[in-house]
Amino acid sequence: MKKQQKGAALFVVMALLSASMVVGMSTMQSSLVDERLAGNFRSSVQAQMTSENTLSSLVNPVNTASRNDFLGQLVANPQLLEETEGKLTGDEIAQLLQAGTLDQFIEDLLPANFDELEIDEQNRIKEELLANLQLQFEVNTDEQTVTITSWDRGLRNSAARDSALVYSYRYSGAAEQSSPFETAIVGCEGISVAGGSTISSYRSSDGPWSGQPGSFATSDVPLISTTSENANVEIGGGEKIHGGIAALGTVALNGSSQVYGDIHSNMDVNLNENNLVHGDVYSKGAVYMGSATVKGSIFSEGDATLDNGGSKVEGNVESAANVIFSSSGRVNGVVRSKGDVNLKNWSASVGQGIYAQGEIYSPRNPPDNPPEGHVDQAYRDNFFSNTSVAIAEIESLEPQPCDTFDFFGNSLKEEVARYQNDHRSIGNVVVNNGVVDITMTPSRVSVVGSDNHGHINGAEPEVAAVFGEDTSIYYVDSLQMASTSKLHIKGGDVALVIGGEFSMGGGGAGLVIDPDSSLMVFVEGQVKLNSNVKMPTTNTLSATGKPTFSIFSSYESNSVGIDINASNRVVANVYAPFTQVSVNSGGSLFGSVKARKVTVVGGAKVVYDELLANAFGENSGEPSPEWCSFDDLSPLTVASPVGNLSLPNSQAEFNGKDSVPDITVTQGDLERFSGANAANDNIQGGIPDGVFSRGESAEKFHAFIRMLKDNADNVLGDISKVKDPFGEKGNGKEEITYITDDVDKNNISGAGILVIDGNYNAGGNPSFDGLIIVLGNYSQKGGGGRDLNGALLVAPYNVNDLKFTEANIEFSGGGSNDFNYDEAALRTAFNLLDDEEQASWGSCNAPPASGDGELTWYLSDWR
């Protein structure tokens, strides 16, 4: 019987075949998914690269001008991109980027037959692709940043990715930012000067230092100061301090030291021997005098003791405690004490009187030798005990941190760390023998005389922002130059970041910096500058106005971290808030030092160039960055250079009422006005920004004057027969009057704004409330009885080349016309202007445009 077939093999084969098919299909599907994932990932990466490349083009130095100009416009007018919600797309981005074209980003996205298509079709395809590329701008005025986000929203398979960077900005004239080098020496935790050393100042623009005191001798700003609680100043003996001293601790003078300014101390002041103080002494503690002389007065909250027969005060002595004459000391003025006055010595003498809230003790016995005999004969009636006494209040010096300088948002340590993190080191630079010359320029390093420095020969810098400006930066692990070596900086500005020690010694030329160049050193290790650092003719400022040589040290130590042990002339500015700086060996340091502690010994000299105050941003003591209204003007303000000058010698005066300087003139004319009796020597040099912000150019001022003329209530020619007043004070009757001719008329009066487009040559009894603007020479003859309340602005200029021209200022004859500051009158005058005119004078609330060079930008983040 034939065996029946069951078909099992077929079933098994079919099952296996089906399973194989399922596995194969699954594998194919997985491969397709993987392919798509890889394609999407590739598109995503390419989208990220597109975003990054767009930002890279934006950062490219070739685009700096167009980028900064656009960002400046955006900051000045945040509504600039309001319609597009802060976005730029496609061709708008291409117009912003001068270096690198967007075509390279879309080249591989074009269809194969792109070149065969009509022009209109090509443009349509490009526009569709570019529409997916965007730049988003977000302005944060509080943090002064602009965040720029680059989006690729689907150029490749709809893959969208973004990248962002942050530009920070700063106004270069911001009043809150001051120079780190505002005085000769700041030793935050203490200063010691000994060995016959000299601390002085000068202005390099006036020529070499003469050896005599500079302006700090009469300035309220101390030449040397401490900033930490209980931080002392000790002057050893035979020193000359050509300015004032301020200390949060004690001040001690020994030997025959001289201080040419004031002494201000939060604690005691000890004038131990044959000291001479040319100014006043202010002490929150006690004052002790040996055989010392104070040419000013003494003000103390503790006892004031004249302990020697050679003790002499040419002014007054005031004490919130007791005044003690231990010997035959002398006070030429008045003694005032809220405690007792103890005249222990028979020969102690006072010139003009003694006033004590307590008792007056004296070895003299009445009636033959009354205690009043201590006072000069003509003033013996001024002798009172147990009487109410008022004395001057002494201002306390407030402590400050040592690292105060703002490196565009960073502290010093953060700034040094930024350079190290962002830049690649070119290695150690160590010169131990041979004649080796190393030259650094903004483009490369070259080495002559050594085969051991090939690793730096030809090295190129990296460019990054330093103080808001693109600067060539070299980063080395250490720089140690000895033997017969030279480090030559030429061709421009160079920044050198040193991760370790910086030392220069031995023979050779040492450090040479060309006049058109500067060197900034940011260093983490110790600094030693020895005998081969000599700069006999180097200026403190380069030809471009930058500090020639500056050292910023983040080294932290209680001991000496920067040792300047050169017996030569050295030009350097040192900022080392975490360590001690020592200047010694009889050399001369022309520059400034701010450090944790400062020691100057061995007959060394530290000579401060007063021009350094504005070298790293605006000095807080300088004029405000902009005149916002007329009420910032002085009673006499001269915006033009001055020709002939003759100020009042009668009872007339300029009075700023302690609100503004009595007189404000250009910096170049400041000395000519100094000592003016009519201004009580309260004179400011420097014309602030706003309508005068273009220096010698009268372009903005001319535009303002044209507006005044166009909108004036009255435009007049010859006024010899015109009856004034030109406006009346009160009830809204003030007016804008524009006179197009010279004025030679007595008894002018009025209120508001009076513009004289010519010379003013008048007298009698002028009276005006508001602002008078004279666009020619100013001459006043005699007069008295009535005053100008407001301000007189003299500012002639040439209407053709728009340059300020010379102004003659002459007062003749007697008279008592005063020029008084009057804020209300000036505000009333300013309110006569419309919005456009006020903005033309000074738009204080509007950020300046970068095109005027007033905004400084730097790249602060990339994410």
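**Close-up views of a predicted model**

**View 1. Charges over aromatic rings.** Lys413 lies over the face of Phe578, 4.4 Å from the ring centre. The charged end of Arg569 sits over the ring of Phe590, at 4.3 Å from its centre. A charge sits over a ring if NZ of Lys or CZ of Arg is within 6 Å of the ring centre and within 35 degrees of the ring normal. The model is predicted: local features need pLDDT of at least 70, side-chain atom pairs count only at pLDDT 80 or more, and totals for chains, interfaces and linings use all residues. Residues are numbered from 1 along each chain as its sequence is written, and side-chain values use heavy atoms, leaving out hydrogens and water.

**View 2. Phe216 and Tyr608.** The structure holds 16 aromatic pairs (ring centres of Phe, Tyr or Trp, the last by its six-membered ring, within 6.5 Å; planes under 30 degrees apart are stacked, over 60 edge-to-face, the rest tilted). The rings of Phe216 and Tyr608 have centres 5.6 Å apart and planes at 85°, so this pair is edge-to-face. It links distant parts of the chain, 392 residues apart. Phe216 counts as buried at 7% relative accessibility (buried is under 20% relative accessible area, exposed over 50%, partly exposed in between; 1.4 Å probe, protein chains only). Tyr608 is buried at 1%.

**View 3. Phe630 and Phe830.** Ring centres 5.0 Å apart and planes at 80° make Phe630 and Phe830 an edge-to-face pair. Both Phe630 and Phe830 are buried.

**View 4. An aromatic cluster.** Phe181, Tyr419, Phe522, Phe552 and Tyr575 form one aromatic cluster.

Technical notes. Helices (H or I, at least four residues) and strands (E, at least two) are DSSP runs, numbered from the N terminus.
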